[in-house]
Each structure stands twice: as structure tokens, then as C-alpha cells.
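Me: Could you take a look at this one with me? I'd like to talk through how it is put together.

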Amino acid sequence: MENTKQSLDQNFKSSKKISTQTIVGVGILTALVIVLQFVSMYLLRFSMFSITLTLIPIVVGAALFDWKWGAWLGFVFGVAVLLTGDAAAFMAINIPATIATVLVKGTMAGLCAGLVYKLLEKKGEVIAVLIASITAPVVNTGIFLIACRLFFFETIKEWGVANGFENVAAYMFLGLAGTNFIIELGTNLILNPVAVRIIGIGKKKFFKK
């Protein structure tokens, strides 16, 4: 009976320790996501959008602390986008749809990156982080384009014509989101070895036995 009580106490202490470490780690990454989004807004602006640097810390968080925390970091990214005014052009068209789009695409990018990492983790750290790093910008941009078609299509059609695009789909993929997506995807791929290293260090620091 005494041994059972000691075992339960040890398990509780272990869970509490992991929980505390997770809060610390996620807190650091949350702050980093906010800072990087503000940096992106003012230093890496391309056309009407900034090129976000936040997807890598979101992937790192999703890999280290599970998909739920990846979703949280993605949500924080969305909130930061709204606070920086990076979605101002769309807010002028449809405020509720813009808020929903920005929050959903960020949250789903983190959630999906975490699920993909979890699914592929046993196949190797490098491949799991690589595919998760690809997943985040694909989901982020994909949901944005779907929302453009559902909520902002007529205005985007006018933007396309003003920018010399007769085909609205071509403008959406090439003029509106294409360049940002390629740069964000490329950044994730270039920084993938760094992300793998950070995740390896994080696992030793936050989840050491």
C-alpha cells in the first residue's frame, strides 16, 4: 500500500514537472511568435502583406509540446496579425470574415503541423520536421485562398484587374499569395536543420528523465 502511494506521488510530481516545463517552453515560443510577427510587419512587408517568420517557432512548438500547443501558437500568430494591421485591407471589406479567416488559418497551420509531426516522428526527426515545416505554410495559405474565394471574391477580382490580371484565379495564386507562400515555404525549408536542432535540444531540456 505504501509503495503504491509513493508511486502515485512520484507520477504526480513527474506530471507536474512536465506541465511546468511545458508552460515555460510554450510561453517563450508565444512571446517569440508575437515579436517575429511585429518584426515581419514592419521590416519584411511585400505588397499588401508581410512575409511571416512565425511558422518555424509554431512548428517547433507543435513538435515539442503536441499539436494542441501548435494550435495555440498558431492562434497567437493570428491575433498578432490582427493587432499589427497586416489584414487591414481585408478588414475594410468584411470584418467578421477577416477575423475568422486569420484566426482559423493560423490555428489550423499549427494544429496540422503538430499532427503531421506526430504521425511521422517514428520515421525520423528530420523527415518529420521537414514535412511539418511544409505543412504549416501550405495550410496557412490554402485556408487564406479558400476564404478569398468565399468572402472577398468580388473585391479581389477588382484588385486583379487593377494589377493587370484578367484571370482572378491567376491573381490570387500569383499576385496575392504566391510570392509570400514561396518565400515562407523556402524560409521554412532553409531553417529546417535549425528547427531539427532546436527540437532535439528542447526534448533533452524539457523532457529529460
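Me: Which residues does Thr101 touch, leaving out those up to four places away in sequence?

Reply: This is a predicted model, and in it Thr101 touches Phe144, Ala147, Phe151 and Phe152 once residues up to four places away in sequence are not counted.

Me: And where is Thr101 found, in which helix?

Reply: Thr101 is found in helix α5, which spans 95-120.

Me: Is Thr101 buried or exposed?

Reply: Thr101 counts as buried, because its relative accessibility is 8% and the cut-off for buried is under 20%.

Me: OK, zooming out: how many helices and strands does the chain have?

Reply: The chain has ten helices and two strands, and from the N terminus on the elements run α-β-β-α-α-α-α-α-α-α-α-α.

Me: What share of the residues counts as buried?

Reply: Of the 209 residues of the chain, 44% count as buried, while the chain exposes about 11300 Å², of which carbon and sulfur atoms supply 70%.

Me: Now the inside. Which members of the largest nonpolar core touch the most other members?

Reply: That core has 28 residues, and the ones touching the most other members are Val33, Ile58, Val60, Phe77, Tyr117, Val129 and Ile199. At least two residues each are supplied by α1, α2 (55-65), α3, α5, α6 (125-151) and α10 (192-206), and the largest share, eight residues, comes from α2.

Me: What is Val33 in contact with, beyond its neighbours within four places in sequence?

Reply: With those neighbours left aside, Val33 is in contact with Thr54, Pro57, Ile58, Leu73, Val76 and Phe77.

Me: Last one: what share of the contacts with a separation of 6 or more comes from residues 24 or more positions apart?

Reply: Residues 24 or more positions apart account for 72% of those contacts in the chain.

Terms used
Residues numbered from 1 in each chain as written. Predicted model: local features only at pLDDT ≥ 70, side-chain atom pairs only at ≥ 80, totals over all residues. Heavy atoms only, no water. Core = buried A, V, L, I, M, F, W, Y, C linked by side-chain atoms within 4.5 Å. Buried < 20%, exposed > 50% of the residue type's maximum accessible area, 1.4 Å probe, protein only. Helix = DSSP H or I, 4+ residues; strand = E, 2+ residues; numbered from the N terminus. Contact = heavy atoms within 4.5 Å. Areas by Shrake-Rupley, 256 points an atom, 1.4 Å probe, with all protein chains shown as cover.
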